[in-house]
Amino acid sequence: SVTLNNATDIMLLGDSVIPTSGCRIEVTGTLPSGEKVLLNSRQPLHLANPVSGTMTVEAKLVGESKATPTLAPGAQIVHGTVQTSAEYSTRAIPAGTNSRVLLIYDALLPSGSTVTAYYKGVDAGDTWTQFPASTAVAIGNEWYEHSHVVTGVNEDSIRVKLVLSGSSSARPMVANLRTIIT
(Lines give C-alpha, C1' and ligand atoms only; values in the text may rest on other atoms or scores of the structure.)
Protein backbone atom coordinates (compact mmCIF):
# COMPACT_ATOMS: atom_id res chain seq x y z
CA SER A 1 0.00 0.00 0.00
CA VAL A 2 1.00 3.64 -0.58
CA THR A 3 -0.11 6.70 1.39
CA LEU A 4 -1.18 9.51 -0.95
CA ASN A 5 -1.31 13.15 0.13
CA ASN A 6 -3.16 15.35 -2.38
CA ALA A 7 -1.73 13.28 -5.24
CA THR A 8 -2.65 14.36 -8.76
CA ASP A 9 -0.09 12.16 -10.55
CA ILE A 10 0.87 8.54 -9.89
CA MET A 11 3.49 6.46 -11.68
CA LEU A 12 4.82 2.92 -11.36
CA LEU A 13 8.60 2.60 -11.58
CA GLY A 14 9.62 -0.98 -12.07
CA ASP A 15 11.46 -3.24 -14.46
CA SER A 16 9.98 -6.41 -15.85
CA VAL A 17 10.65 -9.09 -18.41
CA ILE A 18 7.81 -10.08 -20.73
CA PRO A 19 9.22 -13.08 -22.68
CA THR A 20 6.32 -13.65 -25.12
CA SER A 21 3.26 -11.86 -26.43
CA GLY A 22 1.13 -14.23 -24.36
CA CYS A 23 2.65 -12.91 -21.12
CA ARG A 24 1.74 -9.70 -19.31
CA ILE A 25 1.85 -7.95 -15.97
CA GLU A 26 -1.23 -6.07 -14.81
CA VAL A 27 -0.65 -3.63 -11.95
CA THR A 28 -3.83 -2.22 -10.42
CA GLY A 29 -4.10 0.49 -7.81
CA THR A 30 -7.21 0.88 -5.69
CA LEU A 31 -7.69 4.51 -4.71
CA PRO A 32 -9.15 5.43 -1.29
CA SER A 33 -12.55 5.93 -3.00
CA GLY A 34 -12.49 2.30 -4.17
CA GLU A 35 -11.87 3.27 -7.80
CA LYS A 36 -9.44 0.93 -9.56
CA VAL A 37 -6.77 2.37 -11.87
CA LEU A 38 -4.35 0.57 -14.18
CA LEU A 39 -0.68 1.48 -13.61
CA ASN A 40 1.79 1.03 -16.46
CA SER A 41 5.51 1.27 -15.79
CA ARG A 42 6.95 4.73 -16.42
CA GLN A 43 3.64 6.12 -17.68
CA PRO A 44 2.13 8.81 -15.46
CA LEU A 45 -1.49 8.53 -14.46
CA HIS A 46 -3.06 12.01 -14.27
CA LEU A 47 -5.93 12.28 -11.80
CA ALA A 48 -8.63 14.93 -12.35
CA ASN A 49 -8.74 15.79 -8.63
CA PRO A 50 -6.22 15.46 -5.78
CA VAL A 51 -6.46 12.20 -3.82
CA SER A 52 -5.43 11.55 -0.20
CA GLY A 53 -5.47 8.31 1.73
CA THR A 54 -4.17 4.78 1.29
CA MET A 55 -3.92 3.25 -2.17
CA THR A 56 -3.47 -0.50 -2.35
CA VAL A 57 -1.46 -1.98 -5.19
CA GLU A 58 -1.78 -5.44 -6.72
CA ALA A 59 0.31 -7.04 -9.47
CA LYS A 60 -1.08 -9.92 -11.51
CA LEU A 61 1.45 -11.89 -13.57
CA VAL A 62 -0.03 -13.82 -16.48
CA GLY A 63 2.13 -16.39 -18.25
CA GLU A 64 2.03 -19.42 -20.50
CA SER A 65 2.96 -23.05 -19.96
CA LYS A 66 6.56 -22.41 -21.09
CA ALA A 67 7.01 -18.72 -20.30
CA THR A 68 6.32 -16.45 -17.38
CA PRO A 69 6.76 -12.72 -16.87
CA THR A 70 9.12 -11.44 -14.20
CA LEU A 71 8.71 -8.32 -12.11
CA ALA A 72 12.10 -7.16 -10.85
CA PRO A 73 12.50 -6.43 -7.14
CA GLY A 74 12.43 -2.81 -6.04
CA ALA A 75 9.35 -1.62 -7.94
CA GLN A 76 8.09 1.70 -6.59
CA ILE A 77 5.00 3.85 -6.80
CA VAL A 78 5.85 7.56 -7.03
CA HIS A 79 3.27 10.29 -6.68
CA GLY A 80 3.11 14.05 -6.64
CA THR A 81 0.89 17.07 -6.82
CA VAL A 82 0.63 19.25 -9.91
CA GLN A 83 1.23 22.91 -9.13
CA THR A 84 -1.37 25.50 -10.10
CA SER A 85 1.19 27.73 -11.80
CA ALA A 86 4.64 27.56 -13.34
CA GLU A 87 7.04 30.00 -14.97
CA TYR A 88 9.54 29.68 -17.79
CA SER A 89 12.04 32.45 -18.61
CA THR A 90 14.31 32.60 -21.62
CA ARG A 91 17.95 33.59 -21.59
CA ALA A 92 18.83 37.17 -22.50
CA ILE A 93 18.34 37.89 -26.20
CA PRO A 94 20.10 40.82 -27.93
CA ALA A 95 17.66 43.61 -28.86
CA GLY A 96 18.52 47.30 -29.37
CA THR A 97 16.87 50.64 -29.96
CA ASN A 98 13.25 50.69 -31.16
CA SER A 99 13.07 46.88 -31.39
CA ARG A 100 10.09 44.83 -32.44
CA VAL A 101 9.61 41.69 -30.34
CA LEU A 102 7.59 38.83 -31.81
CA LEU A 103 6.79 35.94 -29.45
CA ILE A 104 5.26 32.77 -30.93
CA TYR A 105 4.38 29.54 -29.14
CA ASP A 106 2.05 26.58 -29.59
CA ALA A 107 -0.34 25.93 -26.70
CA LEU A 108 -2.98 23.45 -25.63
CA LEU A 109 -5.14 25.29 -23.12
CA PRO A 110 -8.02 23.29 -21.63
CA SER A 111 -10.85 25.36 -20.17
CA GLY A 112 -9.62 26.79 -16.86
CA SER A 113 -5.96 27.13 -17.90
CA THR A 114 -4.04 30.14 -19.17
CA VAL A 115 -0.67 31.29 -20.46
CA THR A 116 0.42 34.88 -19.84
CA ALA A 117 3.49 36.29 -21.64
CA TYR A 118 5.88 38.96 -20.34
CA TYR A 119 9.13 40.64 -21.42
CA LYS A 120 11.74 42.82 -19.72
CA GLY A 121 15.22 44.18 -20.13
CA VAL A 122 18.12 42.68 -18.23
CA ASP A 123 19.25 45.83 -16.40
CA ALA A 124 18.85 46.15 -12.64
CA GLY A 125 15.45 47.66 -11.92
CA ASP A 126 13.81 46.44 -15.16
CA THR A 127 10.40 44.93 -14.46
CA TRP A 128 8.25 42.41 -16.31
CA THR A 129 5.75 43.94 -18.75
CA GLN A 130 2.85 41.90 -20.05
CA PHE A 131 2.69 41.43 -23.83
CA PRO A 132 -0.46 42.67 -25.56
CA ALA A 133 -3.13 40.02 -26.15
CA SER A 134 -2.18 37.28 -28.57
CA THR A 135 -3.66 36.26 -31.86
CA ALA A 136 -4.30 32.53 -32.06
CA VAL A 137 -4.49 30.24 -35.09
CA ALA A 138 -5.72 26.65 -34.81
CA ILE A 139 -3.00 24.15 -35.81
CA GLY A 140 -4.87 20.91 -35.00
CA ASN A 141 -5.81 18.58 -32.14
CA GLU A 142 -6.95 21.53 -29.98
CA TRP A 143 -3.50 23.17 -30.22
CA TYR A 144 -3.23 26.84 -31.21
CA GLU A 145 -0.27 28.91 -32.37
CA HIS A 146 -0.22 32.12 -30.30
CA SER A 147 1.58 35.27 -31.48
CA HIS A 148 2.32 38.38 -29.40
CA VAL A 149 3.96 41.53 -30.80
CA VAL A 150 5.33 44.58 -29.05
CA THR A 151 7.14 47.45 -30.78
CA GLY A 152 9.31 50.33 -29.64
CA VAL A 153 11.33 48.30 -27.11
CA ASN A 154 14.57 50.08 -26.16
CA GLU A 155 16.75 47.52 -24.40
CA ASP A 156 20.20 46.12 -25.18
CA SER A 157 18.87 42.65 -24.34
CA ILE A 158 15.52 41.28 -23.25
CA ARG A 159 14.14 38.15 -21.64
CA VAL A 160 10.73 36.60 -22.18
CA LYS A 161 8.70 34.83 -19.49
CA LEU A 162 5.64 32.59 -19.79
CA VAL A 163 3.42 32.03 -16.75
CA LEU A 164 1.22 28.94 -17.03
CA SER A 165 -1.79 28.54 -14.75
CA GLY A 166 -4.20 25.65 -14.40
CA SER A 167 -5.22 22.73 -12.22
CA SER A 168 -5.02 18.96 -12.15
CA SER A 169 -8.01 18.82 -14.50
CA ALA A 170 -6.91 21.75 -16.72
CA ARG A 171 -3.20 21.32 -17.49
CA PRO A 172 -1.79 23.89 -19.93
CA MET A 173 0.90 22.73 -22.35
CA VAL A 174 3.29 24.90 -24.36
CA ALA A 175 5.69 23.86 -27.11
CA ASN A 176 7.78 25.33 -29.88
CA LEU A 177 8.59 28.70 -28.23
CA ARG A 178 10.14 31.24 -30.63
CA THR A 179 11.22 34.81 -29.99
CA ILE A 180 12.16 37.00 -32.95
CA ILE A 181 13.60 40.47 -32.38
CA THR A 182 14.04 42.92 -35.26
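A polar contact here is a pair of N or O atoms within 3.5 Å; within protein, one must be able to donate a hydrogen and the other to accept it, and residues adjacent in sequence count only if both atoms are side-chain atoms.

Ground rules next. This is a predicted model, where local features need pLDDT of at least 70, side-chain atom pairs count only at pLDDT 80 or more, and totals for chains, interfaces and linings use all residues. Numbering runs from 1 along each chain as its sequence is written, and side-chain values use heavy atoms, with hydrogens and water left out.

So, S113. It sits in the loop between β9 (93-108) and β10 (114-121); strands are DSSP E runs of at least two residues, numbered from the N terminus. A polar atom of the S113 side chain lies 2.7 Å from the backbone oxygen of P110. Is S113 buried or exposed? Buried, at 9% relative accessible area; the cut-offs are under 20% for buried and over 50% for exposed, with a 1.4 Å probe and protein chains only.

Which residues touch S113, leaving aside neighbours within four places in sequence? S165, G166, A170 and P172, with contact meaning heavy atoms within 4.5 Å. M173 is 60 residues from S113 in sequence, yet their C-alpha atoms are 9.3 Å apart.

Now the hairpin. β12 (135-140) and β13 (143-165) pair antiparallel over 5 bridges; pairing takes at least two DSSP bridges. T135 stands opposite S147 in β13. Between the two strands are 2 residues, and N141 in the turn has a positive phi of about 55 degrees.

How values were computed. Helix = DSSP H or I, 4+ residues; strand = E, 2+ residues; numbered from the N terminus.
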